[in-house]
Amino acid sequence: MGSGTSTQHHFAFQNAEKAFKAAVLIQRWYRRYMARLEMRRHCTWSIFQSIEYAGQQDQVKLHNFFSYLVDHFTPNNHNERDFLNRMFTEERSPQDSEMENCRDYESIEVPDSYTGPRLSFPLLPDHATALVEAFRVKQRLHARYVLNLLYEARKHLVQLPNINRVSTCYSEEITVCGDLHGQLDDLIFIFYKNGLPSPERAYVFNGDFVDRGKDSVEILMVLFAFMLVYPKEFHLNRGNHEDHMVNLRYGFTKEVMHKYKTHGKKILKLLQDVFCWLPLATLVDEKVLILHGGVSDMTDLEFLAKLDRHKIVSTMRCKTRKEDKKQAEEKGKANQTSSAGTPSPWFLPQSHSLPTSPLCPSTQKAHRAGRSSSVPCRVPLDPKELSHWVRHSVDLELERCRQQAGFPELKEKEEPLPLASEADPEAEGRREPTQEEWSQVVDILWSDPMAQEGCKANTIRGGGCYFGPNVTERLLQKYNLQFLIRSHECKPEGYEFCHSRKVLTIFSASNYYEVGSNRGAYVKLGPALTPHIVQFQANKATHTLTMRQRISRVGESALRALREKLFAHSSDLLVEFKKHDKDKTGLITLSDWAAAVESVLHLGLPWRMLRPQLVSSLTDNKLEYKSWLKNLAKEQFSHENIQSSLLEALYRNRSNLETIFRIIDSDHSGFISLDEFRQTWKLFSSHMNIDVTDDCICDLARSIDFNKDGHIDINEFLEAFRLVEQSCSKGYASDC
């Protein structure tokens, strides 16, 4: 009896031991499998981000080059000056009368055959809801209603301060959403899952509404509609893509002109002004700061709350007013003297009901437009301008007393207020931001957090900075804040905490790089300000895929993009490979291959880890690099009979060429006119010290205009580049 029991226990123990060992083996295998998948996902993510940021660097370099040309070119006549203004700066400070001209949308007729949504103002909640439903079924809003909605949105935005204040006392919770980038499905999914905006459900959308996706116009219309319906519960922050210069490269300008061919130019002009009026940040219960990018060691919220944000037309180009050192010192002393009293805290909004000094001309115009705290009135005035405003305020006071005494009102024509340029020839520069103003805005729109301490230039993006935990902690302590919410970076899970959970990144565009590449997320804040993260996938196809299938699908897309990048730099890679092949054997080691690729592309990728996916065949553990480059070229060949070198040049330069085309096409017509071509060529010839007559320029333009319709389209522009590249290649070959 006892022997049988012990035998049973022995077998039971052996079975348990086997089961335990099997469980350990399965667990070990599963952990290794998940680690490999995570490593693949991390590599894929690095590829996508590196290529994206490299494109942003190209954007900055390209605009820096054009900015240099513009700044060093002296216009000879009024037409050249107008062209340069249209090319880069547009009208930096549109007058009220100019904005009134945008009201000519009333003359745009809506045909009876139009079946899309119709708007009437003031907007009601049903109008905004109907707009969402119309866009969901792929209907398009008529240009008349687009312009009307933009005009009303501008009127509202002008009244807002630079830093909005919202409170959880007036709503159950506040939902903060990150980048949408033209992905309407994500916005509709958020409203479906979280609920439509209402007095009980407030929203903050943290910038980057446009570019890259195909529905940027529709997203803007929905956001602006709800902002007008619920002005106290629906808030928008500006992102780095709410910028007409960035839109030239990343698709929004092209989308507007494609959807609204007749009125697209007018829509873009008004949008440029609307983007300038978007608030820079939002503050929840004076404890949580929401801004698009991040901060730097120089971020000053008091300064940001008082600057004129409308002057920052583009963060890509800083056209600042010039001040010599003596003037700057005098201005600083004057500011210290004027603020020697009791300065108001930065977080208190400037009230419209408070009486203002007649010596602050900016306030009168601001009040007329409904502005609040965007423009500081402690600005020292030019003596001529000061005397004019004193005289004007005295005349107003005399007129008021005359009316109170019962005298009839004088019918004299009111003296118009002088423009800054009329009061002072040098005052034209006051419309431009100072270097400090521009830098402060660039930092909060472009910066990213980093794990290391300190603050350094963001060379990966080409703008803003990297800020460390100590920079975050210093800012939170200075302004008595709990944590920051920012966006600007795509995250695999849609969100990410860093800096000891003091910085939260929220990204709301799911499947940003590829279907299955990332989740979207939004965060809800209640009265306790405890962040509650909600993740989602707007694309139904992702729910039918396993994790391995999603990673494989996304990985293939990333490798395809990386091979295109490698092919686009084939010539540079060949030169670099030859440097490592000193014996001219045609073979290089894998370590030399990895070093050469990184020295050319500067993407910071783990090339040795990516080698199995990029390099298929080896000879004695070495790479035959010429054959490898030929295989890259075969993968990129289209059905057209284009030489490998020409195709390489087009792959490398297409984004830049399209951006250059849209810069030259300053009126956004979709074509380069003869006048635009002539003015641009003068800009280049001035830089290169080449004397070219107008007749020669006209002949060159006609040679590019292949179909002889009087203007150059994008295909003719790219074809001209291809032919020039082809002739240069033949010239180099003949020299060899």
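In this predicted model, strand E3 (residues 201–205) pairs with E4 in the parallel sense over 3 bridges, where pairing requires that DSSP finds at least two bridges between two strands. Helices (H or I, at least four residues) and strands (E, at least two) are DSSP runs numbered from the N terminus. Residues are numbered from 1 along each chain as its sequence is written, and side-chain values use heavy atoms, with hydrogens and water left out. Because the model is predicted, local features need pLDDT of at least 70 and side-chain atom pairs count only at pLDDT 80 or more, whereas totals for chains, interfaces and linings use all residues.

**The sheet**
- Tyr 203 stands opposite Phe 234 in E4.
- An open sheet of mixed pairing is formed by 5 strands in the order E4-E3-E2-E13-E14.
- Strand E4 (234–236) and strand E14 (532–536) stand at the edges with a single partner strand each, so one side of each is left without a neighbour in the sheet.

- Lys 232 and Val 166 are 66 residues apart in sequence, yet 7.9 Å apart in space, C-alpha to C-alpha.
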